[in-house]
Amino acid sequence: MIWLTWRQFRGQALVAVAVLATLATYLVVLGLRIRTAYEVNVDCAGCSVETAKDVFENAYFTPLLLTGFLVVLVPGIVGAFWGAPLLAREFEAGTHRLVWNQSISRTRWLAVKLGLVTLAGATLTGALSLLLTWAASPYDKLFDGRFDPLLFPARNIAPLGYAVFAVVAGVTVGLLVRRTVPAMAILLAGFVLLQILVPTMVRPHLQPAVTETVAWTAANARGLMINGTGEVRTENFAVPGAWVLTSNPQMFDAAGNPATQEQIESCPHSEPSVHKACIETKGFHMTLSYQPADRYWTFQWLEFGFYLVLAGLLAGFAFWRIPRGLN
Amino acid sequence: MTPVLRTDALGKRYGRRQALTNVTLSIPARRVVGLVGPNGAGKSTLLNLASGMIAPTTGTIEVLGSRPAADATQLARVGFVAQDTPVYPNLSVGDHLRLGARLNPGWDDRLAQQRINQVGLDPTQKAGRLSGGQRAQLALTLAAAKRPELLIFDEPVAALDPLARRTFLQSLMEFVAELEVSVLLSSHLLGDLERVCDHLIVLAASRTQLAGDVEELLTAHYRLVAARGDLDPPPPGIEVIQATHTARQTTLIVRDTTGTLRDHMPAAEHLDLEEMVLAYLGRAAEPVPTANAGQPLEVSR
């Protein structure tokens with residue numbers, strides 16, 4: 001059975017190896033360049049972190065973002081092109097009627113096919129994810145934004161969960177729909193939908209967030225906003241390495257009253273850094289909900305586990321369904 | 001000896017369509033069984049149930065004494081060639097033989113190679129490029145070389161030209177003689193099966209119309225011809241399958257249920273297989289008789 005699976009899959013496997021080799025070369029070169037740039041711009045006497053950030057953002061933001069997208073996209077592609085046709089193509093060509101009449105149970109047939117292709121998908125995605133994580137690590141360290149919805153799913157072990165899920169879901173959809181192209185379309189649509197729903201509606205709630213009152217500091221605030229009713233809010237306040245869930249929190253003064261436009265304007269308009277330093281002396285604070293930095297790996301495992309559980313449920317359904325024949 | 005196929009009140013429904021109704025059969029071993037019936041009669045449904053590709057809605061089915069496709073052992077005992085003889089278009093003939101060898105513990109490689117040589121298949125050729133006849137031969141080889149106790153073919157010759165049909169059926173009969181297997185094969189054309197089968201099942205309108213060993217069936221069926229009215233009422237101990245009337249003459253196709261018809265009607269003549277089957281198919285194709293229909297079995301020609 002392993003022989004047959006390999007015989008049917010080897011063309012796709014060769015393509016995957018070629019793609020992986022190309023991307024791996026690119027990522028290694030990119031990683032080495034980022035390391036050189038890090039030594040030149042960050043690990044040097046008297047270098048400014050702000051300047052280094054500018055240099056890094058100009059040079060590496062786009063390539064890292066695009067390869068990050070790719071690492072999330074590869075599981076979707078693998079699910080659509082390897083998972084969905086795995087059974088659907090057999091049903092379309094009628095060849096399941098040939099293979100189901102060899103002396104091997106359908107359960108075993110499915111287990112070997114699903115197992116090997118899932119393993120291949122997870123290996124491909126895992127290799128890409130680990131290479132990108134390595135290549136981007138100096139950049140990620142500098143910007144300290146590992147929880148960013150664009151970075152989080154493209155690093156470490158989360159993509160492995162996506163790959164396992166996508167292959168198993170593709171196979172299950174193929175089993176239900178029994179036609180290759182619709183199965184591919186349904187799988188891709190579902191995968192994209194989850195990639196939107198999970199970061200916005202599921203991931204923030206995987207652990208109860210920490211809610212705290214924190215002091216307003218010039219270093220962590222990007223800017224201020226004053227709206228029509230005179231509420232003063234701070235724009236994208238950052239807690240180092242944490243995932244801040246409250247966007248634009250309202251500011252309060254030391255006495256606990258909402259900050260007013262007059263209090264802000266009592267600081268003279270000047271250089272942004274001077275202006276911010278002045279505001280810091282006023283002792284503003286605000287209430288924030290956030291996931292602390294040390295929960296990063298908890299969240300990676302939770303994300304991985306969430307997709308693994310989904311995959312397990314779908315696989316359970318497929319294995320329940322397949323011995324019952326096509327009715 | 002365990003019957004190769006035993007069904008009890010077997011039924012299969014697809015949504016609202018009843019594909020098979022209340023089929024009760026018992027087929028003895030070591031027969032070549034022909035399953036005949038028009039398109040849509042339920043032949044494929046019955047064979048797919050026998051191979052375990054689908055599960056019955058009602059009733060039970062046993063193949064060689066076990067539930068179809070119950071486990072690997074049961075799968076090894078039955079060789080099934082599905083309709084249109086599916087093969088993997090991207091795999092070569094040789095790959096198909098390797099597939100058979102790896103997935104069947106009882107694989108007879110000598111037999112497989114010998115068949116492939118005999119029918120002139122090139123092992124390096126992609127199966128997608130074979131002609132219909134060659135594909136059927138490949139599927140037959142694959143099913144036979146696993147050395148099953150029962151070989152099932154669903155319309156194996158439907159897509160073949162007359163010459164390929166004859167060649168295929170000839171190969172099949174050689175196999176049967178050599179391997180001592182039971183065979184169950186279906187066709188919508190009686191002519192395909194007439195020469196090869198020794199047991200017959202006629203399926204029409206989702207029900208079995210007739211089942212039995214061909215010789216016994218032929219012995220039990222007669223044509224009675226008489227002046228109109230002479231056979232009214234028909235002689236005792238018979239079942240009228242079909243009645244045809246002209247202005248002066250009545251022809252009955254009957255089944256002698258007691259074996260005594262010849263005693264009181266020495267003029268009764270035997271039928272050939274085709275006439276007998278057609279009588280049953282004709283009866284099945286008639287609209288269901290309503291309460292006030294005078295003669296439900298009558299066919300006017």
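Residues are numbered from 1 along each chain as its sequence is written, and chains are lettered from A, with ligands numbered from 1, in the order in which they are written. Because the model is predicted, local features need pLDDT of at least 70 and side-chain atom pairs count only at pLDDT 80 or more, while totals for chains, interfaces and linings use all residues.

Start with confidence. The predictor gives the complex an ipTM of 0.83 and a pTM of 0.85. pLDDT is the predictor's confidence in each residue, from 0 to 100. Chain B has a mean pLDDT of 85. In that chain, 95% of residues reach 70 or more. Two residues are in contact if their C-beta atoms, placed from the backbone, lie within 7 Å.

Now chain A. UniProt, in an unreviewed entry, annotates "transmembrane region" over residues 12–32, 64–88, 109–137, 157–177, 184–202 and 304–322 of chain A. UniProt positions are given here in the numbering of the model, feature names are shortened, and annotations may be inferred rather than shown by experiment. Two of these spans can be checked against the model. Residues 12–32 of chain A are 100% helix and 0% strand. Their end C-alpha atoms lie 30 Å apart. Residues 109–137 of chain A are also 100% helix and 0% strand, and here the end C-alpha atoms are 41 Å apart. Helices (H or I, at least four residues) and strands (E, at least two) are DSSP runs, numbered from the N terminus.

Chain A is assigned two domains. Domain 1 takes residues 2–206 + 296–324, and domain 2 takes 210–294. Such bounds come from an automatic or database domain assignment. The centres of the two domains of chain A, taken over C-alpha atoms, are separated by 39 Å. Six residues from domain 1 of chain A meet six residues from domain 2 of chain A. The domain 1 side of this contact has four nonpolar, no polar and two charged residues. For these classes, Ala, Val, Leu, Ile, Met, Phe, Trp, Tyr, Cys and Pro count as nonpolar, Asp, Glu, Lys and Arg as charged, and the others, Gly among them, as polar.

Chain A also holds an open sheet. Its three strands run in the order β1-β5-β4, with antiparallel pairing. β1 (210–215) and β4 (243–244) of chain A stand at the edges, each with a single partner strand, so one side of each has no neighbour in the sheet. Two strands pair if DSSP finds at least two bridges between them. β4(A) and β5 (residues 285–291) of chain A are joined by two bridges. A:V244 stands opposite A:Y290 in β5(A).

Turn to chain B. This chain has 10 helices and 14 strands. Its C-alpha trace spans about 70 × 40 × 35 Å along the principal axes. Of its 301 residues, 42% count as buried. A residue is buried if 20 or more other C-beta atoms lie within 10 Å of its own, exposed if 12 or fewer, and partly exposed in between, with C-beta atoms placed from the backbone. Among contacts in chain B with a separation of 6 or more, 70% join residues 24 or more positions apart.

Chain B, too, is divided in two: domain 1 (5–204) and domain 2 (220–300). Their centres, taken over C-alpha atoms, are 35 Å apart. Six residues of domain 1 of chain B contact seven residues of domain 2 of chain B. On the domain 1 side, α7 (190–194) and β8 (199–204) of chain B each supply at least two residues. That side has five nonpolar residues, no polar residue and one charged residue. UniProt, again in an unreviewed entry, lists "domain: ABC transporter" for residues 5–230 of chain B. Over this span the chain is 35% helix and 29% strand.

Look at one residue, B:T57. It lies in the loop between α1 (43–50) and β4 (58–63) of chain B. Because 15 other C-beta atoms lie within 10 Å, B:T57 is partly exposed. Not counting residues up to four places away in sequence, B:T57 touches B:G11, B:K12 and B:R13.

Finally, the two chains meet. The contact takes 25 residues from chain B and 19 residues from chain A. On the chain B side, α2 (72–77), β5 (78–81) and α3 (93–103) of chain B each supply at least two residues. The largest share, five residues, comes from α3(B). By class, this side of chain B has 15 nonpolar, five polar and five charged residues.
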